[in-house]
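Open the model in your viewer and follow the stops below. Each one says what to select and what is there.

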Amino acid sequence: MRRISESLLIGLSWLSTIGVVAGAGILVGYLIQRGLGTLSPELLFGDAPAWQAFIGRQPVWDGIWPAVVGTFSLVAISSIIAVPLGIAGGIYQAEYATEGWKAWSGFAIDLLAGLPSIVMGLFGFSLILFLRNSLMPAANTCLLLSSGCLALLVLPYLIRTTQTALEGITRDARVVGLSLGFTQWQNIVHVLLPSAGRGILSGVILAIGRSAEDTAVILLTGVVANSGLPRGIMDKYEALPFTIYYLAAEHRSVEELNRGFGAALVLLLLTSTLFLGAYWLRRTVERKWS
Amino acid sequence: MVVMQQEQNSAGIIEDLNVVFFGQRVLHNVHVRLKPHELAVIVGRSGSGKSTFLRSLNRLNECFPGCRTVGSVRLFLEDRWIDVYDSGFPAPRLRQRVAMVFQSPNVLPMSIERNVALPLRLVMGMSRSEAGHQVERALREAQLWDEVKDRLKQPAMTLSGGQQQRLCLARVLALEPQFLLLDEPTASLDFRASMKIEELLLRLKEKYTIVAVSHSLSQARRLADQIVVLKEGSVVQCLDAQDFERSATFQSLIEEIF
């Protein structure tokens with residue numbers, strides 16, 4: 001009886017793994033099948049000459065290049081805000097917070113992690129309304145506002161993964177640095193953080209993925225269908241998830257819908273590139289450290 | 001007057017030392033006197049408080065949760081008597097001067113050279129080139145230099161267990177300590193590697209005052225100038241070299257422990 005249930009369990013875990021891999025394979029395969037044909041300079045730049053449009057000399061009206069730049073800017077700015085804050089928060093939670101306070105702040109972090117992104121969008125939108133009626137009558141939804149809201153959205157993942165990675169370090173490994181006369185801070189920077197590098201990276205990847213794909217937040221905080229390249233962080237912008245949404249929602253022919261798949265493929269490529277970038281950054285830091 | 005006499009010819013005086021973890025007493029009124037350039041070996045069953053005693057000398061117990069220490073640990077450091085628990089002497093500097101090597105070699109996951117150089121730069125504020133010289137000196141002192149001089153940039157994890165343990169020793173020797181605390185330094189090593197460490201310790205005690213925990217009475221007999229027997233957190237016997245040369249005393253010691 002025990003052997004049967006054991007084999008069943010093993011079979012089930014194999015099946016789930018195969019299911020995940022197959023699911024991802026089918027999804028990407030379908031995207032490639034529908035979208036690959038549309039991948040061309042024309043999808044990105046429309047009628048505009050590619051190089052001139054790439055460097056922003058020529059406006060792009062009929063391509064997704066502005067949305068690529070918009071999404072990239074969103075991810076970059078929200079990461080610049082959220083990654084240092086998230087890692088610092090994780091360090092505090094794991095190394096400095098007292099047990100009682102840890103429980104309270106941990107609850108707040110979990111609450112933030114469970115917040116639907118549309119609520120975060122609404123928060124950003126109301127913030128602008130408030131600012132317009134009080135301190136800054138000229139305030140408007142923009143790239144910076146969206147990035148700030150996205151940063152807040154991904155912050156709990158970064159804090160939690162950093163905290164978990166740090167707390168997973170064994171008691172003996174924690175004491176090595178201290179026994180050599182390191183101060184607590186030196187021990188964190190030179191021993192604990194590098195040991196937790198992989199865990200922290202997985203948090204960063206999760207954060208990048210989340211801010212690249214989120215549509216609900218940006219919908220209420222500054223994304224538009226057609227604005228060209230963003231001229232600054234206080235400007236409106238285009239973004240790939242939103243482009244995919246309206247290409248799919250308003251298509252009149254199969255070709256137009258396929259352009260939506262093409263845009264999805266570009267989004268996938270963009271996030272993969274960003275993941276690789278994060279991985280490379282960790283490797284470089286690790287090599288420098290050892 | 002009594003204090004003066006005690007302090008003469010001593011390197012450390014531990015009195016009424018009590019250590020409690022989460023309300024449970026691990027060390028109970030421990031008195032030990034350490035003599036300079038001697039090797040004291042702490043023996044006792046597992047759970048008798050040997051490691052806790054060692055860690056109380058450089059305040060490393062504080063790094064573990066739920067610890068409370070009462071009593072006096074006075075060590076002769078930097079040409080004066082320091083009350084470890086009551087003098088404001090900073091803990092990081094104390095741990096540099098009263099250095100510890102652990103039971104299983106715990107090299108940092110970086111290159112051989114950097115394992116020694118990083119503490120030098122962080123703790124002693126040395127420049128890269130100063131640290132380089134000190135690394136070589138320490139590796140020579142731990143008798144590891146000839147084995148690693150051509151592979152300093154390789155990960156320390158690629159060394160054998162015995163070599164890793166000597167690297168850990170080199171790492172603390174580089175920091176110019178005055179005391180060495182060794183927590184069963186040969187427990188995870190084979191016979192030959194253990195012998196090599198033992199030879200090294202006998203040479204090192206000319207320069208440092210050493211306190212070692214050992215699980216082996218024969219090892220204690222080979223190395224010790226003083227044997228301190230711990231049982232359930234209390235010192236039950238303190239023997240010096242002449243005592244344990246006499247086989248009757250040694251026999252009673254064996255019965256005491258096992």
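Two residues are in contact if their C-beta atoms, placed from the backbone, lie within 7 Å. Select chain B: of its contacts with a separation of 6 or more, 69% join residues 24 or more positions apart.

This is a predicted model; local features need pLDDT of at least 70, side-chain atom pairs count only at pLDDT 80 or more, and totals for chains, interfaces and linings use all residues. Residues are numbered from 1 along each chain as its sequence is written, while chains are lettered from A and ligands numbered from 1 in the order written.

Stay on chain B and switch to cartoon. Look for 11 helices and 10 strands. These are DSSP runs, numbered from the N terminus: helices are H or I with at least four residues, strands E with at least two. The C-alpha trace spans about 50 × 40 × 35 Å along its principal axes.

21 residues of chain B are in contact with 15 residues of chain A. On the chain B side, α3 (91-97), α4 (112-123) and α7 (161-174) each give two or more residues. The largest share, five residues, comes from α4(B).

Now zoom in on α4(B). Which of its residues are buried? I112(B), N115(B), V116(B), A117(B), L118(B), P119(B), L120(B) and V123(B) are. Buried requires 20 or more other C-beta atoms within 10 Å of a residue's own, with C-beta atoms placed from the backbone. Their cover includes α9 (184-195) of chain A, plus α3, α5 (128-141), α6 (145-148) and α7 of chain B.

Last stop: G125(B). This residue follows α4(B) and has a positive phi, near 65 degrees.

Note on methods. A residue is buried if 20 or more other C-beta atoms lie within 10 Å of its own, exposed if 12 or fewer, and partly exposed in between; C-beta atoms are placed from the backbone.
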